[in-house]
Structure formats: structure tokens, C-alpha cells
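Open the model in your viewer and keep the selection panel at hand.

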Amino acid sequence: MSAASYLVADGLRVALGGRQVVHDVSLALPRGHLAALVGPNGAGKTSLLRALAGLVPAQGRVMLGGDDMGGLAARERARRFAYLPQGHVVHWPLPVRDIVALGRYPHGATDPARLGRRDTEAVERAMRAADVVAFADRPVTALSGGERSRVALARMLAVEAPVVLADEPVASLDPYHQIEVLALLQRTARAGAVVIVVTHDLGLAARFADRVLVLEAGRLVGDDVPGVALGPAPLAEVFRVGAYRSGHEGQPVIVPWSAV
Amino acid sequence: MDGTDAATTAGTTGVRLRVLERLPVLLLGSLVVLLLLLSLGIGPVRVSPGAVLAALAGGGTEETRIIVQEIRLPRAILAAAVGASLGLSGAALQGLLRNPLAAPELFGAPQAAALGAVLVIATGLADVLSFVLPIAAIAAAFVSVFALLVVAGRNASLLLLILSGLALSSLAGAGTALTMNLAPNPFAALEISFWLLGSLEDRSLRHVMLALPFIVAGAAVLASQRHAFRPLGLGEEAAASLGVDVARTRLLVILGVALGVGGSVAVSGTIGFIGLIGPHLVRPLVGYDPARLMLPSALGGAALLLSADIAVRLLPATTSVRVGVLTALIGVPFFLWLILRERRALGGGLG
């Protein structure tokens, strides 16, 4: 692994209910990179993400900047790994600002009405970055799906963690919001974070990712730039699709076209 | 400079929130004090609020002192403490399960606590060691809420929780009926059945001392977990990713509810629906914040049970109506109305 690698996983294995869902995954990602984690349904993408975030018991090692994350207290780990689960549910009609402020929970700010200066500033930065300032005082349950997902992103960004793990952040969003969300995650990466995004959209993965991690049946079978990791052979073998390929503005264009 | 501006704006919001946050607590607190005074004045002998205060301070006639301090004060304290405990338990369960229809009485906790207590009464153990009564009630309540969450599973829908709660409370009820059925002494069975209806009549300082330590301990445990309820509102996974120890919170909430409900049931019998109605009435006052809901829910629960206990003393009936019967009479229609309102969410639990 190179010196630039910041997030390193070594021999990661996850078993759920006696079934091995992640097999011996090793990866190394530098800061500033956005990686797309792709794979067919049931490949173990969410489990891998959870294992990196320390949300499921896993074997193997996760290292961050050379430090072993094993045995780290939950709150310590939560400061380093911002995690966005699927669905973006909020069960109470709380104002957007209070939801975003939950991103400061790992930093000890457990009450959104009593944030310190640093926490308040982080919340404001996150709300500006995700463009939710306009409805900061509205109850989150009154927002549209696109607005809610931006609030969820703002909540995750407010953690200001060096690692950002987002599980299907663009599922069920219209194209405009899909591009907006991924552009925001790309900016977060450029600002110095390691960003891993789980997605089923190979086109968006090719457009925005610096690296594409391909997971199949719990094994990492591809880890490369989009043009290679999503080349004709892996697409046919892993995803069982053929694709239309081209290029636009210097980025690969991949449109899944036919079932193999 | 942008950041400073933003910080100032948010700072003002914080101050505004702090004032708004105190207001419901102040209002509800005053209401509880008022109802306490009223409760001390009402009964066969009416005592004016002024005379109540004088008697509490050790003044007035000896007769009013005895009535206020020895007969009515334990009853009023228990009404406030039991009501507060039920309100707090409801708010905590709602926060833990992220659902406004969660309540100890819908999950069979009081019914299980009653079974625990009845077993102890029937075996005569309670006469020998009075502290066994609340401990048995607490243990039974703990087992039932724990079993409920195990049976319903993680991220259970409300429908699953209520079905499991129904099953558990039916089981506890059957166990209680069996105990009474097998009771050697018909008077003991009669005594148990009246006790089960839930009442605060003729309670002494001894009852207060028996229940209060457990109720206070339960409240402290629940209050310590309140900040976890906000992140839990994003779902268990998101909460865990923010550093909440979800399993620990769940266990402590079950323990807190068991301590509060068990301690209450041990001295008052089963008094239902305060834990459902209390939090519901005060929720809009705190902006639906599950952590800020806790203290107002306790005060709301105390005010509700004090009012109900005053009402049963005002009802013109030859036999006194049990307060547990009254809260159920008010609570069940309220519950039905809540179901009607939350119908879509409940139907969603099916899918």
C-alpha cells in the first residue's frame, strides 16, 4: 500500500446469521478520492460499508491514517466515519436544523438547542454545502424526497469526518438531484475526505468516481479506474449486461444496454 | 465572517428555544402543584387551599392536620408519582421505538407487573416481606417488556409491537386469573380483584416509602437515556453510526420502565393509559422533540392521574369508582381516536 493510502481495510470478513457475506476484502484509498462501490443485489455492499463504519462485528482490520480502528469507542469511531444509511427516514417532525445538528452528536453535542460555537459553525457549513439553509426551520417531514435526501447529506457532512460512507444516496432521486448529490460528495472528497458511495447506477459511477470497487458475492473482484473496473468483461461477468460506451468531457460514458 | 454571522443567528435561535422550552414545564409544574393542593382538600371533609397550606406547614387544627398530612398526603404523592412515572415511561418507550403509539400499558407491562404482585400476595410472601411486592412486580414488568422487544424483533413495526403486547398482556391476565382461581381463600381473591382495578384509596406513608425509591430510580435511568432518542429518530443504524450504543439504551429503557411501572403497580394496582395520553398531550408543546418530551410527559402524567383521582372522589356514587377504571374509560376511546388518526402509519406497518 502506498503512503498516500488513508483508509485501509485488511482481510475484512463479515458473517451474518452464520452466513459469510463479506469475504476477505482488502482495499486502500487515499484522501481526496471518491470511490463507487458497485455490485449486483446481495453482493454485500451494505455489509462492507457497515463493517468499515464498525456497525457490524467483522474480522480483519480497518486502519485510518495508520491507526487501527479496532476497539475504538463507538463515539470515537463515529467522529471518523460519517455514515448515511439507505432510506433517510426521520420519525419525528423535527426542524431541519435540529436534524443536521445530530451530525455533531459524536462530538458530544447531544442537545441541538445547546450547541457550542464550533458545532454551530459545522452545522451551518453543512447546511450551506447541501443547500438546505432555505428550509432550515421547517419540519423535515414536510419536505419533498429530494429535499429530505439533501438534509440527510447535510446531517452526514456536519460530522466533518475524514471518511464518508453513503449507502445508495441517490436511489429514488430524479436526475437533477442525483447529479447534485454526487457532485456534492465529489466536492467533499476533493476537500480531503475519503468518500465511498454505494450505487446501482453504473453511469453515475463512471461519471463521478475516481475509483470503482466491484463486489461480487462478498468478494472484491474489481478495484480500478471506472474505464477498467467497468470494462466490457467485468460488466458481462459480474453484472451480466452489455453496455454502450463512449466518452464525454473526458469522462467515460457507460450505459447498460442489454442483458447477457 | 460568514461563520460568525451564522453562529450569531443560531445563538439567537438557541435562546428562543430555551425560553420556549421552559414555558411548558413551568405551566405543567404549576398545574401539578395546583392539583396537589386540590387533591389534599377534597374528600368527605372539604379543606380550603389556605387551610391545606396551613396544615402542611404544621398549623391549623389537629383534625385538619391529620386529614391532610396523614390521610390525603400519601394518596396525593402517590397519584403524582405514579402518574409521572407512567408518563415518563410512555415518553421513553416512544423515544426508543420512534413511535407515538408506544406505551407501557399497550405492551402489557402493568399487567405483567400485576401478575408478579398477585403471585406474591397469593403466596402470602408480601405480608412477611413488604419489599418483595414491588420487586416481584418490577421483575415481571422487566421480563414482559424484554420479551416483547425480543418477540417483535429489531425495527419492529407498530403493528408487531402491539400484537405482541396484546399477547403478553393476555398471558399475564390469564396467569393472574389462574392465581385467583386457585386462591385458597375467597376473600383473598376478592381483595386481589379489587386491587387489580387500580386505586389510590387508603394509602399510607408506608406505601409511599415502598414505591417511591423504585419510581425515582426508574425515572433517573430513563432521564439518563433521553439524549439518545433524538439520533434514534433517524433509525437504529443511523443512531449507531453517530455513536449511540443502541443495545445499551434499549436495555436501560426497559429497566427504567420496569422500575417505574413495577414500583407503581405494587402500590396502586393497574392504572392504564396515562403513559399513552400524557406524552401525547404535551408533544406539540415541545416541537415533537423526543428528548425534550420527557419532563413535560412526567408532569402531564402526574396532572392526569391527580385529576382522575380527584374526579373519582367527586363522582356521586354509592361505591367509590376505582381510579384505574376511570383512566381506562377515558383512555380506551382516546386510544381508538389515536388509531384512527395514525391509521395510515399503522397500515404502513403491514407492508
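**The interface**

Show both chains: about 2900 Å² is buried between chain A and chain B, and carbon and sulfur atoms give 62% of that. Buried area here is the accessible area (1.4 Å probe) lost by two parts on being put together, summed over both. This is a predicted model: local features need pLDDT of at least 70, side-chain atom pairs count only at pLDDT 80 or more, and totals for chains, interfaces and linings use all residues. Residues are numbered from 1 along each chain as its sequence is written, chains are lettered from A and ligands numbered from 1 in the order written, and side-chain values use heavy atoms, without hydrogens and water.

Select the contact (heavy atoms within 4.5 Å). Chain A brings 33 residues and chain B brings 37 residues.

Next, pick A:Arg50 and B:Glu237. Their side chains form a salt bridge, 2.3 Å from N to O. The term requires a side-chain nitrogen of Lys or Arg within 4 Å of a carboxyl oxygen of Asp or Glu. Between chain A and chain B the count is 3 salt bridges.

**The sheet in chain A**

Switch to cartoon view. Helices (H or I, at least four residues) and strands (E, at least two) are DSSP runs, numbered from the N terminus. Chain A has an open sheet of 4 strands, order 2-1-4-5, with antiparallel pairing; strands pair if DSSP finds at least two bridges between them. Strand 2 (19-30) and strand 5 (67-68) of chain A are the edges.

Zoom in on strand 1 (residues 5-16) and strand 4 (residues 59-64) of chain A: 5 bridges join them. One to select is A:Asp10, whose bridge partner in strand 4 of chain A is A:Arg61.
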